[in-house]
Amino acid sequence: MTLSKRLSRVAELIPAGARLADIGSDHAYLPAVLASRRAIEHAIAVEVASTPFAAAQRTVRKQGVEQWVSVRQGDGLAGVHASDRLTAISLCGMGGETIRDILQAGKARLNGGERLVMQPNGGEQPLRRWLMEHGYRIVAEQVLREHRFDYEIIVAEPDGPVAYSERELYFGPLLLKERGDAFINKWQRMLGQRQQTLANFGRARQAVPAAKLEQVHLHIHWISELLG
């Protein structure tokens, strides 16, 4: 089984020998591949919807990794327990706000020692804000492009009080420091999108809320400064 580019990057960020919970696992490709490589001790694939839950069960059976991967039907972190002794949690392919909400709803189930490996589909800023407010330090960030879309991967670990600026929450503190090619290319595209949004506001039949307009102007300013 071959993982997508996104999930391959995520797999590389799961610690060797981890006890992993893959939340919103869909077809359970990530835990199944990691288990087949014997890269993890155990994994729990959690899905709330019946169709992907059944698909995850089929994947695990087909790959012959039932000994290492448990498939559970549950809503977010409600599908895991203290007895699972998790050391890593992956949350991929959802909006950043959805990942944030899953973490918030299930924070009582976090043991305080897990590495969080997240691949949000947008909404990175509110996700980073939650991590900061709950004492998680961002220890790795990546940008990648797949099928004409830009994606970010955020890895965080509990580390006591942390503080990030608004720009760091928007761009990513480590990405902002490194300023790699994929990061710059993403924000060149995003600048065009933000400028188009502003133009659309100008043609809108109804008045755009002042706060929303101000936010877009601010983001265009930040991106323009970033690109120099």
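Modeller: Element names first: helices (H or I, at least four residues) and strands (E, at least two) are DSSP runs, numbered from the N terminus. This is a predicted model, so local features need pLDDT of at least 70 and side-chain atom pairs count only at pLDDT 80 or more, while totals for chains, interfaces and linings use all residues. Residues are numbered from 1 along each chain as its sequence is written, and side-chain values use heavy atoms, leaving out hydrogens and water.

A pocket here is an open set of points on a 1 Å grid over the protein atoms alone, where a 1.4 Å probe fits, with protein on both sides within 12 Å along at least five of seven lines; lining residues have an atom within 4 Å of a point. At least two lining residues come from each of α1 (5–12), α2 (29–36) and β4 (88–94). By class, the lining splits into seven nonpolar, seven polar and three charged residues, where Ala, Val, Leu, Ile, Met, Phe, Trp, Tyr, Cys and Pro are nonpolar, Asp, Glu, Lys and Arg are charged, and the others, Gly among them, are polar.

D26 is in the loop between β1 (18–23) and α2, and its phi is near 60 degrees, a positive value in a residue other than glycine. For background, most residues other than glycine have a negative phi. D26 counts as partly exposed because its relative accessibility is 39%; the bands are buried under 20% relative accessible area, exposed over 50% and partly exposed in between (1.4 Å probe, protein chains only). R85, in the loop between β3 (69–73) and β4, has a positive phi too, about 50 degrees, and is not a glycine either.

Now step back along the chain to β1. Six of its six residues are buried, so β1 is largely enclosed by the rest of the structure. That goes for both faces: A18, L20 and D22 are buried on one side, and R19, A21 and I23 on the other. β1 pairs in parallel with β2 (residues 40–47) over six bridges, pairing meaning that DSSP finds at least two bridges between the strands. L20 has A43 of β2 opposite. In the loop between α1 and β1 you find G17, which counts as partly exposed because its relative accessibility is 40%. Leaving aside residues up to four places away in sequence, G17 touches A39, I40 and E41, with contact meaning heavy atoms within 4.5 Å. Between the C-alpha atoms of G17 and A35 there are 9.8 Å in space, against 18 residues in sequence.

On to the largest pocket, with a volume of about 620 Å³. It has 28 lining residues, and G123, E124, Y170, M190 and R194 lie nearest its centre. α5 (124–133), β7 (149–158), α8 (181–203) and α9 (210–227) each put in at least two residues, and α8 gives the most, with eight. Nine of the lining residues are nonpolar, eight polar and eleven charged.

Domain 1 (5–162) and domain 2 (184–227) each contribute at least three residues to that lining; the bounds come from an automatic or database domain assignment. Taken over C-alpha atoms, the domain centres are 31 Å apart, and six residues of domain 1 are in contact with four residues of domain 2.

Finally, look at β7, one of the lining elements. β7 runs antiparallel to β5 (residues 115–120), joined by three bridges, with L116 partnered to A156. The pairing of β7 with β6 (residues 136–146) is antiparallel as well, over ten bridges. In that pairing R145 stands opposite D150, while E146 has F149 as its bridge partner. Two residues sit between the strands of this hairpin, where H147 takes a positive phi near 55 degrees.

Note on methods: Grid points are joined across faces, edges and corners, and a volume is the space filled by probe spheres set on the points.
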